[in-house]
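User: I am new to reading protein structures and would like to go through one step by step. Could we begin with the ligand and then turn to the protein around it?

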Amino acid sequence: MAQNPLILGGTTEATALCLALSEAGIGGTISFAGRVARPVRQPLPQRVGGFGGVAGLVRYLKEQRISHVIDATHPFAARMSRNAVRACAEADVPLIALSRAPWRAASGDSWTHVPDIAGAVAALNRPAARIMLAVGRMHLAEFAPNPQHFYLLRLIDAPDAPLPFPECEVVQDRGPFTYAGDLALMQAQRIDLVVSKNSGGSGAQAKLLAARALGVPVVMIDRPALPARLETHEVAAVLRWLGHDRTDRGV
Ligand SMILES: NC(=O)c1ccc[n+]([C@@H]2O[C@H](COP(=O)([O-])OP(=O)(O)OC[C@H]3O[C@@H](n4cnc5c(N)ncnc54)[C@H](OP(=O)(O)O)[C@@H]3O)[C@@H](O)[C@H]2O)c1
């Protein structure tokens, strides 16, 4: 029977996987939450919007006769990933996560680890600084308790609500970002602290490499815990898992 995979997307890894599935003639559907006004165009059919929790996803998997689910969402999209584990178990559909390896501090880095967004907000309860706040659009309001800082924000879409910061600047860009570009941006903005999610991958790492070069400390938000699941960092391993690689080496 033909395979009909569902890719839970919203990342560069999901886009790379779509291309690989399309080129291999496997096909499938990519799903977006609908957070971004203009998602990157994909070579596979796409659907947009939540499924309606675990029950909604189970229904979708059955109605659409999905053969496999590949969770290629962002490591901080924890609710979607938890729902996928539960729904796939319930609907008896095989699941694999295509994720990015987390970033690790190296020599020259000065990272303070915090467990979540609330921890990052607490870490900013300090005298005024010039902060590059790289946490995405959805969590900005949570930083309102620390209005003493200047915030540099980099967002895909312009904010749709007034920002809760008296002093801030928005750079609209979707990445991937370069070391030279982020070095220049952080120097021009005289950034003296970076707040980052531990997203992993290469496209957003430039700011951390620039922070290292400039001796700028980083508040690093660690990843949310997720249930055990089959996981890989390689698009090729997903194709092997689907049985589309002659070397058949497994994941
Ligand atoms: N969180 C980040 O830092 C971040 C960064 C870059 C990209 N993204 C992408 O943005 C999307 C939303 O992230 P989030 O942190 O808001 O997720 P989340 O908190 O885990 O998900 C909240 C709800 O949004 C819906 N949803 C999430 N991803 C979906 C997808 N790919 N397709 C269909 N519905 C989806 C689900 O709704 P229902 O329960 O109704 O099914 C889910 O329960 C994800 O696709 C993620 O890959 C997130």
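User: How far is an oxygen atom of the ligand from a polar backbone atom of Met80?

Analyst: Please keep in mind that this is a predicted model. A polar contact is a pair of N or O atoms within 3.5 Å, and the ligand oxygen and the polar backbone atom of Met80 form a pair of this kind, with a distance of 2.8 Å.

User: Which element gives the most residues to the shell around the ligand?

Analyst: There are 22 residues around the ligand, and among those that come nearest are Ser31, Phe51 and Lys197. By kind, the shell divides into 7 nonpolar, 11 polar and 4 charged residues. Strand β2 (29-32) and helix α3 (78-91) each supply at least two of the shell's residues, and the element that gives the most, with 4 residues, is α3.

User: Why do the buried residues of α5 line one face of the helix, and within what arc do they fall?

Analyst: Helix α5 covers residues 179-188, and its buried residues are Asp182, Leu183, Leu185 and Met186. Seen down the helix axis, these buried residues fall within a limited arc, so they line one face of α5, and that arc is 165°.

User: Which residues are exposed on the other side of α5, and against which elements do its buried residues pack?

Analyst: On the other side of α5, the exposed residues are Ala180 and Ala188. The buried residues of α5, in turn, pack against the strands β7 (130-134), β8 (150-155), β9 (167-172) and β10 (193-197), together with the helix α6 (206-214).

User: Does Gln46 count as buried, partly exposed or exposed, and what is its relative accessibility?

Analyst: Gln46 is found in strand β3, which covers residues 46-48, and, not counting residues up to four places away in sequence, Gln46 touches Thr29, Ile30, Phe32 and Pro39. Buried means under 20% relative accessible area and exposed means over 50%, with partly exposed in between. Gln46 therefore counts as partly exposed, since its relative accessibility is 39%.

Key
Residues are numbered from 1 along each chain as its sequence is written. This is a predicted model: local features need pLDDT of at least 70, side-chain atom pairs count only at pLDDT 80 or more; totals for chains, interfaces and linings use all residues. Side-chain values use heavy atoms; hydrogens and water are left out. Buried means under 20% relative accessible area, exposed over 50%, partly exposed in between (1.4 Å probe, protein chains only). The arc is that of the directions from the helix axis to the C-beta atoms. Contact means heavy atoms within 4.5 Å. A residue is near a molecule or strand if one of its heavy atoms lies within 4 Å of it. A polar contact is a pair of N or O atoms within 3.5 Å; within protein, one must be able to donate a hydrogen and the other to accept it, and residues adjacent in sequence count only if both atoms are side-chain atoms. Ala, Val, Leu, Ile, Met, Phe, Trp, Tyr, Cys and Pro count as nonpolar, Asp, Glu, Lys and Arg as charged, and the others, Gly among them, as polar.
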